[in-house]
Amino acid sequence: MKINWSALGLVTIASLIATILVVGIFAAGVAAFSAADQRAVVGSPSQGLRALGYLCLAAATAVVLYGIYLIVPAFH
C-alpha cells in the first residue's frame, strides 16, 4: 500500500480552509444578530444587520449542505 502524501496534504489544507471559512461566516452571522439586538435596545434601526445575520447563516448552511451532498454518493 502506497500513500499519496501530497494528495493527503492537499485535502487536509483544503479541509482546514473550508472549516475556517464556514465557522467565520457563521460567527459573522451570530455577531450581526448580536449587534442588531444591541442596536434595538438603544432604539437604532437594526434591520440591515438582522438581514446580514440571516444571509451569513444561510450561506454557512448552504456550504455545509453542499459538502454533505458531495460526500454522500446516494445524492448523486
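Predicted model: local features only at pLDDT ≥ 70, side-chain atom pairs only at ≥ 80, totals over all residues.
Is Tyr54 buried or exposed, and what is its relative accessible area? Tyr54 is exposed, with a relative accessible area of 52%. The cut-off for calling a residue exposed is over 50%.

## The chain as a whole

The chain has 2 helices and 0 strands. Its radius of gyration is 18 Å, whereas the globule rule gives 11 Å for 76 residues, so the chain is more spread out than a compact globule. The C-alpha trace spans about 65 × 25 × 10 Å along its principal axes.

Of the 76 residues in the chain, 12% are buried. The accessible surface comes to about 5,900 Å². Carbon and sulfur atoms hold 76% of that surface. Among the contacts in the chain with a separation of 6 or more, 39% are between residues 24 or more positions apart.

Leu55 and Val11 are 44 residues apart along the chain, and their C-alpha atoms are separated by 28 Å. Leu55 is in helix H2 and counts as exposed, at 56% relative accessibility. Tyr69 and Ala27 are 42 residues apart in sequence, and the distance from C-alpha to C-alpha is 23 Å.

## Aromatic pairs

A pair of aromatic rings is described by the distance of the centres and the angle of the planes. A search of the whole structure finds 2 such pairs. Both are set out in the table.

| Pair | Type | Centre to centre | Angle between planes |
|---|---|---|---|
| Phe33 and Tyr54 | edge-to-face | 4.9 Å | 80° |
| Tyr66 and Tyr69 | stacked | 6.2 Å | 25° |

The pair of Phe33 and Tyr54 links distant parts of the chain. Phe33 belongs to helix H1, which covers residues 5-42, and Tyr54 belongs to helix H2, which covers residues 47-71. The two residues are 21 residues apart.

Why does the angle of 80° make the pair of Phe33 and Tyr54 edge-to-face? Planes over 60 degrees apart count as edge-to-face, so the angle of 80° places this pair in that class. Planes under 30 degrees apart count as stacked, so the angle of 25° gives Tyr66 and Tyr69 that label.

Tyr66 and Tyr69 are 3 residues apart in helix H2, which means that about one helical turn separates them. Tyr69 is partly exposed, with a relative accessible area of 34%. Leaving aside neighbours within four places in sequence, Tyr69 is in contact with Phe75 and His76.

## A nonpolar patch

Tyr66 and Tyr69 are also members of a nonpolar patch on the surface. The patch is formed by Val64, Leu65, Tyr66, Ile68, Tyr69, Leu70, Ile71 and Phe75. Together these residues have about 820 Å² of accessible area. One of them, Ile71, is found in helix H2 and is exposed, with a relative accessible area of 67%.

## The salt bridge

Side chains of opposite charge can pair when their charged atoms come close. How many salt bridges are counted in this structure? The count comes to 1 salt bridge. The partners are Asp37 and Arg50, with their closest N and O atoms 2.9 Å apart. Asp37 counts as partly exposed, at 43% relative accessibility. Arg50 also counts as partly exposed, at 28%.

## The loop between the helices

Where is Ser46 found? Ser46 is in the loop between H1 and H2. At 10% relative accessibility, Ser46 counts as buried, since the cut-off for buried is under 20%. Apart from neighbours within four places in sequence, Ser46 is in contact with Ala36, Arg39 and Ala40.

Methods: Residues numbered from 1 in each chain as written. Heavy atoms only, no water. Helix = DSSP H or I, 4+ residues; strand = E, 2+ residues; numbered from the N terminus. Rg over C-alpha atoms; globule rule 2.2 N^0.38 Å. Buried < 20%, exposed > 50% of the residue type's maximum accessible area, 1.4 Å probe, protein only. Contact = heavy atoms within 4.5 Å. Areas by Shrake-Rupley, 256 points an atom, 1.4 Å probe, with all protein chains shown as cover. Phe/Tyr/Trp six-rings, centres within 6.5 Å; stacked < 30°, edge-to-face > 60°. Patch = residues over 30% accessible without salt bridge, like charges linked within 9 Å, V, L, I, M, F, W, Y side chains within 5 Å. Salt bridge = Lys/Arg side-chain N within 4 Å of Asp/Glu carboxyl O.
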